[in-house]
Amino acid sequence: MPPNPFILVAPGATRGLGLALTRQFLRTTTLPVYASHRTEASERQVKKRILEPLKDVDPARLNLLKLDLTSENSIAAAALSLSESLEEKGLSDAFIHTAFITGGMLFPEKKPSDLDWEIIKETFQINVISHLLIIKHFSRFLPTSSQVGLLHPAKWVHVTARVGSIGDNKRGGWYSYRSSKAALNQVIRTFDRHLEQQKMQAIAVGVHPGTVKTDLSRGFWESAAKKELFEPMDAATNLVDVVGNLSTSQRGKVWDWAGQEVPW
């Protein structure tokens, strides 16, 4: 039986970098793409928005999952929906080719007195805990050691940030965002060790996209270095290219938009 790989982008259906990644995979591959969202819009409306700027893309390749990053029940239900969808398509043997886990939020504290309990909790919920729970419920779709027909390992990718680097922290500030991204980087390394120990045909990495022109970074466009400021589609193109070229020897690390390693 031939291998049946698919793409996962979570979240990836409504805005920003996630939406751009979904469009990039639809545009540049022939694989099924599963993208998550939490909006109340109809599936038809969400699909129409994703597909609108794309040409010659089979709409049947795009599949949506309802997923709320703040609820483990929702994350678990989305994984079940993915499993049921694959079964309905006769793809019970399908596996992840590439997964991008994109959830993130930023509150830029400048000094300790700016720290707020509720914002700290929300930041870690989105930037770390949701990523952990997506690993818990979706990593079962990665190819095992017994999967045949793979020329390259599957890529499990978390969108992190250079400011999560402890060694690169020269300016301070952004307490909750920096510390949550540093924690996410540890999650990436730990999960990759698990994949390696279990002899899974997959690697886990982190990626730093630069400053992407989204609502998350709107207040920092002018202060960002011009060479690291990207429109969402350009950022998506960069990341898909970088990830696609990573080898097993580059596993468990964080890579930036130009393919350079980000120090811990």
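In which loop is the place of Lys199? In this predicted model, Lys199 belongs to the loop between helix H5 (175–197) and strand S6 (202–208). The phi angle of Lys199 is near 55 degrees, a positive value in a residue other than glycine. With a relative accessible area of 62%, Lys199 is exposed, because a residue counts as exposed over 50%.

A positive phi is also found at Asp56, a residue other than glycine, where the angle is near 60 degrees. Asp56 is located in the loop between helix H2 (43–51) and strand S3 (62–66). The relative accessible area of Asp56 is 84%, and this residue is therefore exposed.

Attention then turns to strand S1 and its surroundings. Of the 6 residues of S1, 5 are buried, so the strand is largely enclosed by the rest of the structure. S1 pairs with strand S4 (residues 95–101) in the parallel sense, over 6 bridges; within this pairing, Ile7 stands opposite Thr98 of S4. S1 also runs parallel to strand S2 (residues 33–37), to which 3 bridges join it. Here Leu8 has Tyr34 in S2 as its bridge partner. From S1 the chain passes through H1 to S2, forming a β-α-β crossover that is right-handed.

The loop between strand S1 (5–10) and helix H1 (16–28) contains Pro11. The peptide bond that leads from Ala10 to Pro11 is cis, and its omega is near -10 degrees.

Key
Residues are numbered from 1 along each chain as its sequence is written. This is a predicted model: local features need pLDDT of at least 70, side-chain atom pairs count only at pLDDT 80 or more; totals for chains, interfaces and linings use all residues. Side-chain values use heavy atoms; hydrogens and water are left out. Helices (H or I, at least four residues) and strands (E, at least two) are DSSP runs, numbered from the N terminus. Buried means under 20% relative accessible area, exposed over 50%, partly exposed in between (1.4 Å probe, protein chains only). Two strands pair if DSSP finds at least two bridges between them. A crossover is right-handed if, with the strands pointing away from the viewer, the path from the first strand over the helix to the second runs clockwise.
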